[in-house]
Amino acid sequence: MSDPLMFEAVREEIAYAFEQTVFFREHMEANGLRPEDIRGPEDFRRIPPTSKAHYRRNYPAGVLAKSYTLSSPEVMRFQSSGTSGERLNSAILSFDLARRQATSLGVNRRFDELWQPGGRPKICRYAPPNCSDVECATGFSTMQDRTLPDGTLVLTVAHDLLATPEWQIVKALDEIEEYQPDLLVVDPSHLAFLTRWARRLGRKITSPRRLHIVCGYTLMTDVARRQIEAFHGPNVPIGDMIGMSELGYLGFECHFGRRHLNDVDFYPEFIRDGRPVDVGEMGELYVTTIDDALIPRIRYATGDYFTPLGITCECGSELPVVRIEGRTTGMIQLPDGRLVTPGGVNALVGRAPGLDLYQLEQDPAGACTFRYIPSGEADADAVTEVVAQIQARMAEALGPIGVRFEATDYIASERSGKFQSCISTGR
């Protein structure tokens with residue numbers, strides 16, 4: 001924490017959280033700390049990390065600042081998908097959400113036209129139902145039932161993505177056409193699925209407005225990106241969001257394709273084995289909010305891993321560039337203790353023309369299975385060649401772990417409704 005202005009902002013957040021929230025005061029006192037003890041970065045790291053479990057257990061009374069309730073003006077409520085286990089209820093001030101969104105999207109010039117003074121884009125969301133903030137994202141509900149207070153239309157999809165029936169897909173395509181959005185906020189695996197069906201049905205996903213696409217919720221694989229880009233063409237801006245339901249935008253992809261982390265509205269740390277990692281090393285992202293009056297978070301362990309790259313990006317943004325690695329629940333553990341992350345697996349698979357979807361699973365015994373769904377439009381010999389290339393790269397990267405390859409026409413989504421490209425059932 002070399003920037004003295006940022007350190008002072010962090011100290012103010014600590015003092016505010018201590019005075020305003022029951023949970024954080026008890027957290028500090030249980031560890032023999034008070035705000036005045038935090039005089040430098042080393043003192044800051046004496047504060048044990050906070051976690052989803054803390055906020056789940058103490059929500060709302062213990063973590064909301066004393067001057068707020070869930071009914072206060074500008075308070076927006078959210079519920080996480082439950083990827084890490086139980087779902088997490090949370091809340092955020094609407095202007096904090098907008099501030100974090102503006103900072104993050106500011107790295108990508110192709111999204112500049114989306115937010116104009118006095119206007120708000122029309123948004124359609126196509127994501128796992130647990131991520132959609134409505135309890136009625138079934139195909140039997142109306143558009144009005146699935147329109148959020150901010151005007152966002154939540155499109156209908158089955159909880160298990162590949163089990164979505166054709167009539168429900170047609171309904172989603174019809175509703176996009178009728179709603180005429182400026183922005184699709186999507187899970188990339190979900191949108192790739194919708195584009196495959198749209199192509200099969202001879203449909204388009206367009207709007208009379210200029211359409212933009214923000215991907216989030218799960219890792220955006222190169223296989224999903226290849227399909228989305230091919231379907232929408234080069235004139236539709238596509239960006240990958242780094243975000244969490246309880247915090248909003250943590251970062252975004254710039255127009256040069258690099259992921260930047262928002263270190264203006266958050267103070268980020270990358271921690272592994274209790275210490276900050278060096279540039280080029282993978283660490284878990286801890287965030288401390290800056291100027292969050294509702295639910296300040298100090299050293300909040302996100303469960304998401306990144307590698308800080310320490311490079312300057314041609315896009316001109318000073319927000320730090322990171323590589324997304326993924327969650328521990330998706331990491332493949334090698335016999336020598338090394339980890340292959342979901343981001344690493346994505347690099348091994350690449351854009352893989354001829355594959356619609358894949359998932360690498362490591363079972364409790366350590367064995368791995370790579371399941372893939374070949375594209376019905378692809379030449380069989382081309383698919384065989386692509387799979388052989390992936391086999392060779394995985395054999396080199398995973399070493400002694402044998403990977404069984406299996407072609408299939410169905411891969412289940414996880415319990416939360418998200419589709420994960422890499423899972424480890426033994427972790």
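Analyst: Two strands pair if DSSP finds at least two bridges between them. Strands (E, at least two residues) and helices (H or I, at least four) are DSSP runs numbered from the N terminus. This is a predicted model, where local features need pLDDT of at least 70, side-chain atom pairs count only at pLDDT 80 or more, and totals for chains, interfaces and linings use all residues. Residues are numbered from 1 along each chain as its sequence is written, and side-chain values use heavy atoms, without hydrogens and water.

User: OK, what order do the strands of the open sheet have?

Analyst: The order is E4-E3-E5-E6-E7-E8-E9-E14-E13-E12-E10-E11, twelve strands with mixed pairing. Strand E4 (153-154) and strand E11 (275-276) are the edges; each has a single partner strand, so one side of each has no neighbour in the sheet.

User: Which helix packs on the sheet?

Analyst: Helix H5 (residues 94-105) does, touching strand E8 (248-253), E10 and strand E12 (283-289). Contact means heavy atoms within 4.5 Å.

User: And how do E9 and E14 run?

Analyst: Antiparallel, with two bridges joining strand E9 (residues 259-261) to strand E14 (residues 321-327). Arg259 is opposite Val322 in E14.

User: Switching topic: how many aromatic pairs are there?

Analyst: Eight in the whole structure. Rings of Phe, Tyr and Trp (its six-membered ring) pair if their centres lie within 6.5 Å; planes under 30 degrees apart are stacked, over 60 edge-to-face, the rest tilted.

User: What about Tyr55 and Tyr300?

Analyst: That pair is edge-to-face, at 5.4 Å centre to centre and 90° between the planes. Tyr55 is in helix H4 (residues 52-58) and Tyr300 in strand E13 (residues 300-308), so the pair ties together parts 245 residues apart in sequence.

Technical notes: Axes are lines fitted to C-alpha atoms, for helices over the stretch in contact, and angles run from 0 to 180 degrees between N-to-C directions.
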